[in-house]
Amino acid sequence: MLLVQTKISKITIYNKFLIQKIKYKQMKIIEIKELHKTYENAGIPVHAVNGIDLDFNQGEFAAIVGPSGSGKTTFLNMIGGLDSPTKGNILINGVEINSLSDRKRIDFRMKNIGFVFQAYNLIPVLTAKENVEFIMELQKRPKKEREQRAISLLEAVGLGNKLNERPKRLSGGQQQRVAVARALASKPKFILADEPTANLDSTSTKNLLNIMEKLNREENITFIFSTHDQRVVDKARRIITIDDGKIKNDIKK
Ligand code: ADP
């Protein structure tokens, strides 16, 4: 009798553990409500983002696709708190990023979001390795851990032989790969990437996708990227199509 009870309680505990695990996996990380961004171009309003409602769960690997000028960059900029909406809300882990002060928003970004954006440049006076280490230094991680992670990430993006080069000695594509390694270094909750493979050759693209998938699978980091690259789209498990600032399609594979 006692043996049966022990067995039942073990099963109950295990079931609870599984439910917790599923909940963790499916936890909403980003909630976007009625999002709008309107720019003025020579007095004419441009509705770059025109009423988007969307959620992302922890652990997603999602691609945002759509023609040039459809609003992808504006949308990603707002999720990252780099641009503010004209109307609507973005909650990240329940925090409304646009209601934070500038200082708190910077801190929030550093702790939660990794960026791979063209406009988010590398620090010119630092080497590739130092650029990747920099954010971990701000996070006060031990020196040895910083160095090891920076080296392994740079090796993973095919730059193991450029650790000590400064950005101006690297090509555009190589700089972008350093930016990817830097975004991954801080172990953020999610990574926003605007055309991450735009300047990469096919070997680097393959390496980059492999490391992104590995981090997504093993560390449950959420990836949201805009892309035109079919190789990236093929790897995505969710494909969101934007056109004229609106969601046209949202497919989960
Ligand atoms: P995508 O990333 O899909 O190419 P964008 O988000 O860059 O699209 O642009 C969406 C629309 O908003 C375009 O019509 C673009 O010209 C306009 N736009 C983007 N940024 C600005 C800005 N800073 N000022 C005025 N118009 C802008």
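The model is predicted: local features require pLDDT of at least 70, side-chain atom pairs count only at pLDDT 80 or more, and totals for chains, interfaces and linings use all residues. Residue numbers start from 1 along each chain as its sequence is written. The secondary structure of the protein comprises eight helices and ten strands, where helices (H or I, at least four residues) and strands (E, at least two) are DSSP runs numbered from the N terminus. Of the 253 residues of the protein, 35% count as buried. A residue is buried if 20 or more other C-beta atoms, placed from the backbone, lie within 10 Å of its own, exposed if 12 or fewer, and partly exposed in between. Among contacts in the protein with a separation of 6 or more, 69% join residues 24 or more positions apart; two residues are in contact if their C-beta atoms, placed from the backbone, lie within 7 Å.

**Ligand shell**

- The residues around the ligand are Tyr-39, Asn-41, Val-46, Ala-48, Gly-66, Ser-68, Gly-69, Ser-70, Gly-71, Lys-72, Thr-73 and Thr-74; a residue is near a molecule or strand if its C-beta atom, placed from the backbone, lies within 6 Å of it.
- Strand E1 (28–41), strand E2 (44–57) and helix H2 (72–79) each give two or more residues to this shell.
- H2 supplies the largest share, three residues.
- By class, the shell has three nonpolar, eight polar and one charged residues.
- Ala, Val, Leu, Ile, Met, Phe, Trp, Tyr, Cys and Pro count as nonpolar, Asp, Glu, Lys and Arg as charged, and the others, Gly among them, as polar.

- Ile-242 lies in strand E9 (residues 238–243).
- Ile-242 is buried because 24 other C-beta atoms lie within 10 Å.
- Not counting residues up to four places away in sequence, Ile-242 touches Ile-64, Gly-66, Ser-70, Gly-71, Lys-72, Phe-75, Ile-247 and Lys-248.
- Ser-70, one of the residues around the ligand, is 172 residues from Ile-242 in sequence, yet their C-alpha atoms are 6.2 Å apart in space.

**Packing of H4, H5 and H6**

- In helix H4 (residues 128–138), the buried residues are Ala-128, Lys-129, Asn-131, Val-132, Glu-133 and Met-136, and they pack against H5 and H6.
- H4 and H5 have axes 9 Å apart and pack at an angle of about 130 degrees, which means that H4 is oblique to H5.
- Axes are lines fitted to C-alpha atoms, for helices over the stretch in contact, and angles run from 0 to 180 degrees between N-to-C directions.
- Angles under 35 degrees count as roughly parallel, over 145 as roughly antiparallel, 65 to 115 as roughly perpendicular and the rest as oblique.
- The crossing of H4 and H5 is right-handed; a crossing is left-handed if the near helix is turned anticlockwise from the far one by less than a right angle, and right-handed if clockwise.
- The contact of H4 with H5 involves Ala-128, Lys-129, Val-132, Glu-133, Met-136 and Glu-137 of H4 and Arg-146, Glu-147, Arg-149, Ala-150, Ile-151, Leu-153 and Leu-154 of H5.
- Seven nonpolar, no polar and six charged residues form the contact of H4 with H5.
- H4 and H6 pack at about 25 degrees with axes 8 Å apart, so H4 is roughly parallel to H6.
- H4 also passes H6 in a right-handed crossing.
- Ala-128, Asn-131, Val-132, Ile-135 and Met-136 of H4 meet Val-178, Ala-181, Arg-182 and Ala-185 of H6, a contact of seven nonpolar, one polar and one charged residues.
- Helix H5 (residues 143–156) and helix H6 (residues 172–185) have axes that come within 9 Å and cross at roughly 140 degrees, so H5 is oblique to H6.
- H5 passes H6 in a right-handed crossing.
- Arg-149, Ala-150, Leu-153 and Leu-154 of H5 meet Ala-181, Leu-184 and Ala-185 of H6, and these divide into six nonpolar, no polar and one charged residues.

**Loop residues with positive phi**

- Lys-140, in the loop between H4 and H5, is a residue other than glycine with a positive phi near 60 degrees.
- Lys-140 counts as exposed because it has 7 C-beta neighbours inside 10 Å.
- Asn-220, in the loop between helix H7 (202–219) and strand E8 (222–226), is a residue other than glycine with a positive phi near 60 degrees.
- Asn-220 counts as partly exposed because it has 14 C-beta neighbours inside 10 Å.
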